[in-house]
Amino acid sequence: MPDTCPLVVAVVGPTASGKSDLALDLAEALGGEVVNADASQLYRGMDIGTAKVPPTQRRGLPHHQLDVLDVTDEASVAAYQHHARADLAAIAARGRPAVVVGGSGLYVRALLDRLEIPPTDPEVRARLEEEAARLGTATLYARLRGVDPAAADAIEPNNTRRVVRALEVIDLTGRPFSATMPAREYLRPTLALGLELPRDVLDERIGTRVARMWRDGLLDEVRALEPLGLREGRTASRALGYAQALAQLDGTLTEAEAQDQTAAMTRRFARRQESWFRPDPRITWLDPREDGTATRALALVRGVIGDNGRHG
């Protein structure tokens with residue numbers, strides 16, 4: 001009989017590190033269910049460019065928070081938190097462990113940790129977005145640093161969306177945006193496992209993945225998504241690989257340039273993922289290249305189950 005317990009196992013780390021395979025191995029061995037925590041994989045039809053596990057390769061395991069948004073929808077941490085936490089509660093009610101997998105750090109934290117999602121106001125956001133377009137993101141980033149240096153330290157200077165969001169929250173609440181950042185306190189019993197690779201190995205894997213995306217038909221996928229509104233989607237159209245594929249279709253990038261740009265931006269994104277997850281002392285790090293990584297991960301999970309006195 002598989003182990004059953006209310007434990008949540010989180011598999012995190014940078015893109016192309018092997019998270020999906022380990023999550024499948026653990027969920028299969030534990031009789032668990034998988035909950036996606038990759039923002040781009042929320043979108044229907046965005047499969048090849050997000051390295052989404054095809055249905056035929058999901059080993060018959062229930063998967064949640066995949067294909068829940070149209071490409072014209074804007075991904076929302078608040079909406080994800082609400083729906084994904086409902087999934088965790090339902091999985092626990094069935095007496096099964098949940099395996100959360102993904103590299104979108106804020107989504108992982110919003111799901112697992114105590115995190116208050118601050119309010120939003122379309123008019124305030126529109127005003128700030130207009131200022132960013134007129135004055136430049138650097139000007140708004142400097143404003144943010146003046147009022148909330150801790151938030152500025154945690155946000156990339158050229159990430160217009162997050163800079164605008166931080167200033168919006170400050171405007172609406174009168175509190176620093178950094179005060180709403182998640183605390184490292186799990187809501188449910190959780191074991192976090194991180195996958196890490198040497199930078200040169202990860203860079204090579206990313207290059208290989210990007211080449212495979214084009215070989216597997218990313219351009220055809222993007223062509224099929226265009227009539228569904230991909231270009232109009234604020235979040236989906238900017239996803240790594242999709243923005244570059246659109247540029248290739250428009251003739252502003254060659255195929256080689258589109259792939260090179262995607263690989264370079266994905267490597268930078270992987271650095272940010274590492275910077276997000278690395279400081280969290282609760283994560284146990286594993287090298288996916290080592291023989292028996294899945295066996296070691298399963299032993300760690302079963303050790304926690306045993307310590308909690310919860311056996312299936």
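Predicted model: local features only at pLDDT ≥ 70, side-chain atom pairs only at ≥ 80, totals over all residues.
Residues are numbered from 1 along each chain as its sequence is written, and side-chain values use heavy atoms, without hydrogens or water. Local features need pLDDT of at least 70 and side-chain atom pairs pLDDT 80 or more, while totals for chains, interfaces and linings use all residues.

**Exercise 1.** State the order of the strands in the open sheet, and find which strands stand at its edges.

Solution. Strands here are DSSP runs of E with at least two residues, and helices are runs of H or I with at least four, numbered from the N terminus. Two strands pair if DSSP finds at least two bridges between them. The six strands follow the order β3-β2-β4-β1-β5-β6, with parallel pairing. β3 (63–64) and β6 (283–286) each have a single partner strand, so one side of each lacks a neighbour in the sheet.

**Exercise 2.** Describe how strand β1 is joined to strand β4.

Solution. Take the residue ranges: β1 covers 8–12 and β4 covers 98–101. The two run parallel and are joined by four bridges.

**Exercise 3.** Locate D73 and say whether D73 is buried, partly exposed or exposed.

Solution. D73 sits in the loop between β3 and α2. Buried means under 20% relative accessible area, exposed over 50%, and partly exposed in between (1.4 Å probe, protein chains only). At 29% relative accessibility, D73 is therefore partly exposed. Between D73 and L230, the C-alpha to C-alpha distance is 9.6 Å, although they are 157 residues apart in sequence.
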